[in-house]
Every structure is written in structure tokens, then in C-alpha cells.
Number of protein chains: 2
Amino acid sequence: MDRSAEFGRWKAQSLSKADLSRKGSVDEDAVEVVELLNSREEFFTTSSCAGRILLLDGSTEGSGVQKQHCCWLLVTHKPCARDDVMAALKGATSEAVLKFEPFILHVQCRTLQDAQTLHSVAIDSGFRNSGITVGKRGKTMLAVRGTHGLEVPLTHKGKLMVTEEYIEFLLTIANQKMEENKRRIGRFYNYLQHALKRETISNSHSKIKERNNPLCTHKNRRSQGKAQGPSTTEDNGRELEDGDGLEISAALFLGDD
Amino acid sequence: MDRSAEFGRWKAQSLSKADLSRKGSVDEDAVEVVELLNSREEFFTTSSCAGRILLLDGSTEGSGVQKQHCCWLLVTHKPCARDDVMAALKGATSEAVLKFEPFILHVQCRTLQDAQTLHSVAIDSGFRNSGITVGKRGKTMLAVRGTHGLEVPLTHKGKLMVTEEYIEFLLTIANQKMEENKRRIGRFYNYLQHALKRETISNSHSKIKERNNPLCTHKNRRSQGKAQGPSTTEDNGRELEDGDGLEISAALFLGDD
């Protein structure tokens, strides 16, 4: 079976299976992106989370980092109020931590070039921790990951270590991050549409050319498919600013610390 | 110029340039890994940070997420004491945030297969947010990234929002994370040595075979180069557990939320 047919088989298999997530459905804010990707023959999504505020209660054992017996006290994909968190915190018996986790999306891609196109879109939209994984049997996956999280320890052995006023302050920040995250998902959707349109035009041009001259080479698909949106500058120089960072003199990255 | 010679030229250029980081040198805990990688013809590092505790003071503008005019009140690669943070906090005038940022490393790789080998080592060592980037001109980069951070807002308009007791509690956790991060760097170094040894043996076998039969195909280098260490389970199912996750039925990843 050729690569393209094999990919089609994987996709059909994957999309026919039940959604095994806790919620059992794709998050509202991620639906548009997920549907757009799954409508294209070169992609399918395998997991997604639009972004969420989480309150976890976990006993820190051994190193204090690996969390065993971790319990979810609260999870929401919508802005969150102080009273909800205060009520949920009543269930804390050990080390409760409030987290904001930004958008995450795993997309299986037909070819490395398809993954590169999507990677550019992700970086340009502000999801700077995105990256490609290539498996043993050639499965190519893009993980779209943001950098704008929060991770705030709140209780020690079940005892609240901060004031209610601090919880309110913290939720204002978490809710702002959720809004910004939503804007980035919107940007990702727009840039993706743009890139896929260019990709389609470029492919149909290539096919016409191929008919006229079967030996002509394909153009660099990624550079044509790249979204033209502005790149986003973040608050911290630890990551490459965008995919094109690779084209900048490596001296810029000789240590960032 | 062929790919291999071009890579050698990039490497020589990059390593001959001055270290432009604030500190001007590679962090102590990352030196071994950086030197091991740079001693190999298939890799060179372009930036690294062993992991650090940071206190930033930034005015939140507009969305409240993009931090402009951000000022570093404190940065340390060693465990940190309450008094140091309390003293540094006196300089806060707006929104001070304490962060723990784990190990990060950018490595340019000669081929995609070299990047895959390194990616496996990174995932197996617990750096689950690692990923490959392929640039327009074929530059292949692996970013090694951990997931175990902290990001805790401490002041609002310069006013401290938590108690000194909380700062002490927080630093205990940050220091534990720094220790765990150090263990992971050690694991990364060991797995890397192991993988490179297997790689070298596999390459020299291939060369002998090639001399006997110039048409024989290379074996799958990644599967041979893969470190055999146990994979690490994290506290949160949002990421693929390891590179081999790609080989697991995609149904497992049909939404994780």
C-alpha cells in the first residue's frame, strides 16, 4: 500500500472510533479548527483541548514532582469565579494546585511537508512550543502547544496557603489568559485557512504543469503555504521566535540565558 | 555543496561565534550534555538553559498577557532561599511573577533521522514537550523542553499579594522541581550516551556491509539508536507519553480532555 493510501486508512480508522476523553466531545472553542483539519485529506486530529482552568489535588511523593493519586477538584473551559474555586478547595486534602493550560492539539500529517506547513501556522499564531514528532513507522504528528500557562500551588496538606483576595486576583489573570488563548485559536484558524488556500492553489498549478511537463519539480510547498500573518513576540526569549528563526544566524541562539 | 558538508560549515560558523547570552557561558548543569552533543559530527547546540528560578516584574498591558517592559528582579540556577526573593521583591513596581523554567536545549541536527534519535532520548528522559522543527532551507532543529514549570503571580501594582510563609512554601516546591529537573538532565545524558553508542556501532556495521555489498540498505537508525530506558509517566494525560505513543492506536488520543 502506498503512503497516501496508508494515511487514508489510518485516518478512517481514527475518526470512526469513539471519543475516549472524559468529556466525550471536542471543546467548543476548538471545534472549528478540528473540523477544518479533518476536512482536508492531508490531516486528521487525534486529540485536542481548547484550554482550561484546572484545580488538582495531589499528594507529592518521593521527589515531590511526580504526582500520584491526583484528583481533579475542578475543571472548566470558561472563565472561572472565586466562589467556584473556594467551594472546590474544600475538597482538598493534600497539595492543591491551580493551573491554566492553553490550547493543545495533536494532528497526524500525511507528509513531513504537510507538518511543516501546519507548524508555521502554529508558530505564527503564537503557539511557540509546537513541534513535530516522527514515529518509527513514519507516522508524522504535529503538536500545537502554547507557552502561556499558570501553575500555582494553593494548599499544603489540605491547608489553604493564600487569602481569598489572592484567589480572586489569580482568577482575574487566569481568565485573561483564557481570553488571550481564545484569540490565538481564532488567529490559528484564520492563518490555517489562508495557508490551506495557498496550498490548494499551488497544488493545482503543479498538477497543470505536470500534465504539460511530467518531469517538472514541485515548488517548495511550505514557503508557499506559509501564513502571512505577523509573528508574535513573547515575554521571554527562551524559544525561537518563529519557524523562520531557523533561517536567522545561529549566533542569535548561542545561549539565551 | 552536499548536505553533510553544508551542515559542517553551519556548525563551524555557529561554534566559532561568541556566546551572546546574558550570562555569556553554558550553565554548569548543561555543560556535559552540550559538550557531548558538540563532539558528535551530526549535532551542534545553538542555545541552552539548565533550568532556573526567575522573578520577573512586568506591567501587564492590553490583554494582560503580553508583557512589555519586563524587568528581571532575580534569576538563579541554584536552589533559592526566601530572603533572596523577599529582598528582590522590594524592587517590584507592578506585576511580579515567580517562575520555575525547566531545562531547555536547541540542537541543530544533520538529518531528520538524527533529530528522531535525539527526540526519543528526550521523551524517554521525561522532556515531554520536545519537538522537531524543519526550516525552509532544510535546517532541522530539535527543541528539548520539559513540562514541569511553575508560574505564580506574586504582586499587583507592586503590592505583595501573599505572605512570607507562602513564599517559603513556594520556594520549597520550586527547589524540589529544580532537583527533579537536574535528575532528568542526568538521565538525558545517560540515555544519550547509550543511544550514540548504538548509533556508532550500527553505522560501522552498515559501512562494513556496504563495502561487502554496496547496494544493501541501511537499517532503521532510530529504532537502533533509541535509548532503552523506561518511559516516564507524568501527572497529566495531555501529552503523548513517549515517541512510541505514535505507534499506539490513535483512539487513545481522540480527545484527552
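**Close-up 1. A:Ser25, a serine with a UniProt annotation.** UniProt lists A:Ser25 under "modified residue: Phosphoserine"; positions from that record follow the numbering used here, feature names are shortened, and annotations may be inferred rather than shown by experiment. This is a predicted model, where local features need pLDDT of at least 70, side-chain atom pairs count only at pLDDT 80 or more, and totals for chains, interfaces and linings use all residues. Residues are numbered from 1 along each chain as its sequence is written, chains are lettered from A and ligands numbered from 1 in the order in which they are written, and side-chain values use heavy atoms, with hydrogens and water left out. A:Ser25 sits in the loop between α1 (3–16) and α2 (31–38) of chain A (helices, H or I, have at least four residues and strands, E, at least two; both are DSSP runs numbered from the N terminus). With a relative accessible area of 35%, A:Ser25 is partly exposed (buried is under 20%, exposed over 50%, partly exposed in between, using a 1.4 Å probe and protein chains only).

**Close-up 2. A:Arg40, a buried arginine in a loop.** Look for A:Arg40 in the loop between α2 and β1 (43–49) of chain A. Its relative accessibility is 18%, so A:Arg40 counts as buried. Beyond its neighbours within four places in sequence, A:Arg40 is in contact with A:Lys11, A:Leu196, A:Glu199 and A:Thr200 (contact means heavy atoms within 4.5 Å).

**Close-up 3. B:Phe188 in the largest nonpolar core.** That core has 54 residues, and A:Phe188 and B:Phe188 have the most contacts inside it (a nonpolar core is a set of buried Ala, Val, Leu, Ile, Met, Phe, Trp, Tyr and Cys residues joined through side-chain atoms within 4.5 Å). A second, separate core of 51 residues includes A:Phe169, B:Ala88, B:Leu150 and B:Leu170. Leaving aside neighbours within four places in sequence, the residues in contact with B:Phe188 include B:Val33, B:Phe103, B:Leu118 and B:Phe127.

**Close-up 4. Strand β1 of chain B and its partner β5.** Seven of the seven residues of β1 (residues 43–49) in chain B are buried, so this strand is largely enclosed by the rest of the structure. Six bridges link β1(B) to β5 (residues 104–109) of chain B, and the two run antiparallel (strands pair if DSSP finds at least two bridges between them). Across this pairing, B:Thr45 stands opposite B:Val107 in β5(B).
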